[in-house]
Amino acid sequence: MSASLATECNEVKERYDTCFLKWYSEKYLRNTATTDECEPLFRQYKTCLTKALKDRGIDQMLEEARADNKENDAEYMKPSFVQDGPNTWFTKEFAANAKLDIVEFGDGTLATLQFLRSQPFNLMGLPAELRLRILSYLVEATRLDVYTRGRLGPPQGMKLPSIVYATKTLRAQYLLVAIANTTFRVHNGPGNTQFQEWLTNTDLTDVSQHHKDGFDAVKALEFPYFSRFPHQALASDVPNSDVKLMLRCKNIESVRMNWVGSTLFDQAN
């Protein structure tokens with residue numbers, strides 16, 4: 001066993017080397033090791049050596065040398081192998097000569113495009129923001145008429161592709177994008193009430209920091225019969241359900257209301 005760079009650390013280094021060789025040969029190579037049993041001794045040796053280098057002023061010299069060669073270190077530490085299969089790797093030079101398309105990931109690892117295309121796509125493994133962007137390409141801007149449920153034919157709702165039912169999270173993320181890309185045309189009061197109940201029960205808290213429920217996802221509303229709210233048939237303190245809906249949609253961007261001219265004036269005068 002070699003001596004330490006600092007003589008005062010020879011004893012602890014010898015104890016660590018002895019421990020490591022025994023652990024490596026008797027446990028690690030036989031695949032029975034569960035932890036590095038010699039790590040406490042290594043930390044003791046590292047502490048001793050760090051102090052010795054600092055006392056001699058060598059630590060500063062090492063830092064300066066690292067700073068001077070930072071660019072070279074970064075270049076030499078770049079991955080030099082490209083993955084082309086579960087257990088297949090090529091050198092970068094071979095991949096370049098074979099004219100293989102290479103993809104470099106954020107952590108610097110490399111893989112051929114052919115290999116990546118052969119792997120299952122883990123959509124749920126992507127960051128939530130990226131999943132939302134991908135789902136946005138599946139959703140087309142559309143209009144959805146809101147009536148009293150079942151009164152004018154079979155109840156209609158948002159049509160979701162089968163894939164989004166794979167997980168609760170994926171369904172909620174798709175709903176967030178779909179609601180934001182839909183203009184809801186509210187035709188009557190009972191339909192409005194049912195619509196607000198649905199938005200209340202659409203929980204988006206697990207998929208977005210900025211959306212609590214369906215109301216927060218709504219971007220566009222239309223009220224084809226807004227001016228026909230039956231004031232004359234209701235008590236004066238009954239709130240307008242259309243206005244209530246608008247106020248609850250905090251991220252609303254567009255509201256369209258159709259008016260009948262005669263209702264804008266007091267016909268008695």
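Let me start with Glu 26, which is partly exposed at 38% relative accessibility. Keep in mind that this is a predicted model. Glu 26 makes a salt bridge with Lys 22, and the closest N and O atoms are 3.2 Å apart. Why are these two separated by about one helical turn? Because Glu 26 and Lys 22 are 4 residues apart in helix H1, which covers residues 10-28.

The next helix to look at is H2, residues 39-55. Here Lys 51 and Asp 55 meet through their side chains in a salt bridge, at 3.1 Å from N to O. Lys 51 and Asp 55 are 4 residues apart in that helix, so about one helical turn lies between them. Lys 51 counts as exposed, with a relative accessibility of 54%. For Asp 55 the value is 54%, and Asp 55 counts as exposed.

How many salt bridges does the structure hold? There are 9, and I will show one more of them. Glu 222 forms a salt bridge with Arg 143, with the closest N and O atoms 2.8 Å apart. This pair links distant parts of the chain: Glu 222 sits in strand E7 and Arg 143 in strand E5, 79 residues apart. Is Glu 222 buried or exposed? Its relative accessible area is 8%, so Glu 222 is buried, the limit being under 20%. Arg 143 and Glu 222 also belong to one network with Asp 145 and Arg 185, joined by salt bridges that share partners.

Staying with strand E5, residues 142-146, we find Leu 144 there. Leu 144 counts as buried, at 13% relative accessibility.

Last, the surface charge. Which residues gather in a patch of positive charge on the surface? They are Lys 212, Lys 244, Arg 248 and Lys 250. Lys 212 is in the loop that runs between helix H9 (189-201) and strand E7 (220-223). Its relative accessible area is 58%, so Lys 212 is exposed, the limit being over 50%.

To go back over the main points: helix H1 has the pair Glu 26 and Lys 22, and helix H2 has Lys 51 and Asp 55. Strands E7 and E5 are linked through Glu 222 and Arg 143. The positive patch on the surface includes Lys 212.

Definitions and conventions: Residues numbered from 1 in each chain as written. Predicted model: local features only at pLDDT ≥ 70, side-chain atom pairs only at ≥ 80, totals over all residues. Heavy atoms only, no water. Patch = residues over 30% accessible without salt bridge, like charges linked within 9 Å, V, L, I, M, F, W, Y side chains within 5 Å. Areas by Shrake-Rupley, 256 points an atom, 1.4 Å probe, with all protein chains shown as cover. Salt bridge = Lys/Arg side-chain N within 4 Å of Asp/Glu carboxyl O. Lys, Arg positive; Asp, Glu negative; His and termini not counted. Charge placed at Lys NZ, Arg CZ, Asp CG, Glu CD. Buried < 20%, exposed > 50% of the residue type's maximum accessible area, 1.4 Å probe, protein only.
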